[in-house]
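Hello,

Here is the structure I promised to pass along.

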Amino acid sequence: MAQTSRSLSQNIREKLLTFQENEITEHHIYKRLAQAIDSPENSRILNDIAEDELRHYHDWREYTQQDVEPVRWRIWKYYTISRIFGFTFGIKLMERGEEGAQENYAALQDVIAEASRIAEEENSHEDALIAMLDEERLRYTGSIVLGLNDALVELTGALAGLTLALQDTDLIALTGSITGIAAALSMGASEYLSTRTEDSTKHPVRASLYTGGAYLMTVILLILPYLLLDNYFVCLACALLAAVAIIGLFNYYVAVAKDEPFKERFLEMAGLSFGVALFSFFIGFVIRRFLGIDA
């Protein structure tokens, strides 16, 4: 041991106690998730990571000679997020929050010999184990993207055109709902047939449910303003804001869970949706003028 507890500076000692707190907290998070997951293989991987975290906790304790309690609210926070949004998303979100800790480990290697080894394990072993996790909802991300993308592009365009052409919130909501529900069923059926013909591990029925479900949820959120508000232009603005929120939240989820770039995907989906909406709004204006319907 390069340093004893008494010879550590106060600054380094405080850092080590923070590291201990992080390690024991993450140990409990991984342990709880391992017990809650049905897949034996995923449970084994999470238990392996939990044991790594516990070992790192004891490594730091050798220097501080002090026990540290886990942060209970963080355990609850990441466990809850993982149960709602999927354990892969929860784990990677947590690891993102701890990226700075690995750099701090490496910065202590001149003072504490073990710091370099622990930093290496944090960077390689745990990352490799996390990469082995297999979660169903991530295997169907493509199907969800298909449903969301089509619903956002088609329905924002349709609502923009209907808003100017009909100028009646009840009629717009009725027409948009019929169009959206029919399209959701159609998309689900198309995804079922497409998945059946592909050489894929995805189950056709599940793929169709993910696609149709994503489409239908998007339809509900975009139509909702027309059911609650009276001004159709305000309704359109709310629908477009809802579209931006859906695009942002989903792309953030994918960026974290699958380590993909956020900005490019977000701008691409938002550009397509708003481009079609603007064009459809223009078409609605032209049709209204062509048919001689006054505002």
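**Aromatic contacts**

F85, F89, Y252 and Y253 are joined into a cluster by ring pairs. Please keep in mind that this is a predicted model.

Across the model, the aromatic pairs number 6. One of them brings together F89 and Y252, whose rings are arranged edge-to-face, with 6.4 Å from centre to centre and 80° between the planes.

How do the two partners compare in exposure? F89 has a relative accessible area of 7%, and because the limit for buried is under 20%, F89 counts as buried. Y252 is partly exposed, at 37% relative accessibility.

Another pair has a different look to it when you bring it up on screen. F262 and F266 are stacked, with centres 5.6 Å apart and an angle of 15° between the planes. Both residues sit in helix 13 (residues 262–290), 4 residues apart, which is about one turn of the helix. F262 is partly exposed, with a relative accessibility of 34%.

One more contact involves a ring and a charge. R32 places its charged end over the ring of Y79, at 4.0 Å from the ring centre.

Best wishes

Terms used: Residues are numbered from 1 along each chain as its sequence is written. This is a predicted model: local features need pLDDT of at least 70, side-chain atom pairs count only at pLDDT 80 or more; totals for chains, interfaces and linings use all residues. Side-chain values use heavy atoms; hydrogens and water are left out. Rings of Phe, Tyr and Trp (its six-membered ring) pair if their centres lie within 6.5 Å; planes under 30 degrees apart count as stacked, over 60 as edge-to-face and the rest as tilted. Buried means under 20% relative accessible area, exposed over 50%, partly exposed in between (1.4 Å probe, protein chains only). Helices (H or I, at least four residues) and strands (E, at least two) are DSSP runs, numbered from the N terminus. A charge sits over a ring if NZ of Lys or CZ of Arg is within 6 Å of the ring centre and within 35 degrees of the ring normal.
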